[in-house]
Amino acid sequence: MKILVVEPGRRPVQAELDGSLKVMQAVVGGCIQALYPFDDPVALICNEEGRLLGLPLNRGLRDANGALYDIVAGTFFLCGAPPDSDRFESLPEELAAKYEKLFGTPELFLRIGGTLLCIPAGPL
């Protein structure tokens with residue numbers, strides 16, 4: 001299964017894995033959680049306890065207006081997720097390119113006076 005791995009502070013990289021639960025858990029460093037924050041048939045697979053474990057904040061998720069509504073903690077990956085299915089599949093090349101660009105710049109997160117700021121980390 002072809003995936004796009006997004007690690008904190010790094011650019012996304014395409015990888016291939018066998019799709020087993022054990023391997024998916026190894027990529028995210030624990031129990032997996034599937035999120036579906038996109039209009040595309042894409043699943044975001046992350047560590048379900050990432051924030052509780054204090055994993056580093058990775059990338060922000062934004063609404064249609066670009067407003068930050070959530071932050072993924074720890075390494076996550078994107079894979080294909082057919083509609084109305086509970087299985088995962090390879091991320092199609094065109095979607096891999098789209099999300100590689102979307103998550104291409106690592107982000108830094110700062111809390112100042114109760115306000116959360118998201119700052120691009122700059123070129124690597």
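Colleague: Which residues make the nonpolar surface patch of about 410 Å²?

Modeller: This is a predicted model, in which local features need pLDDT of at least 70 and side-chain atom pairs count only at pLDDT 80 or more, while totals for chains, interfaces and linings use all residues. Residues are numbered from 1 along each chain as its sequence is written, and side-chain values use heavy atoms, with hydrogens and water left out. The patch of about 410 Å² (Shrake-Rupley method, 1.4 Å probe) is made by L108, L110, I112, L117 and I119.

Colleague: Which strand gives the largest share of the nonpolar patch?

Modeller: Strands are DSSP runs of E of at least two residues, and helices are runs of H or I of at least four, numbered from the N terminus. β8 and β9 (115-120) each supply at least two residues of the patch. The largest share, 3 residues, comes from β8.

Colleague: Is L110 buried, partly exposed or exposed?

Modeller: Buried means under 20% relative accessible area, exposed over 50%, and partly exposed in between (1.4 Å probe, protein chains only). L110 lies in strand β8. Its relative accessibility is 39%, so L110 counts as partly exposed.

Colleague: What geometry does the aromatic pair of F38 and F103 have?

Modeller: Rings of Phe, Tyr and Trp (its six-membered ring) pair if their centres lie within 6.5 Å; planes under 30 degrees apart count as stacked, over 60 as edge-to-face and the rest as tilted. The structure holds 3 aromatic pairs. F38 and F103 lie 6.3 Å centre to centre with 70° between the planes, which is edge-to-face.

Colleague: How many residues apart in sequence are the parts that the pair of F76 and F103 ties together?

Modeller: F76 and F103 also pair edge-to-face, at 5.4 Å centre to centre and 75° between the planes. F76 lies in strand β7 and F103 in the loop between α2 and β8, so the parts tied together are 27 residues apart.

Colleague: Why does F76 count as buried?

Modeller: Ring pairs link F76 into a cluster with F38, Y99 and F103. F103 counts as buried because its relative accessibility is 4%. F76 counts as buried because its relative accessibility is 0%.

Key:
Patches are made of residues with over 30% relative accessible area and no salt bridge: like charges are joined within 9 Å, nonpolar side chains (Val, Leu, Ile, Met, Phe, Trp, Tyr) within 5 Å. A salt bridge is a side-chain nitrogen of Lys or Arg within 4 Å of a carboxyl oxygen of Asp or Glu.
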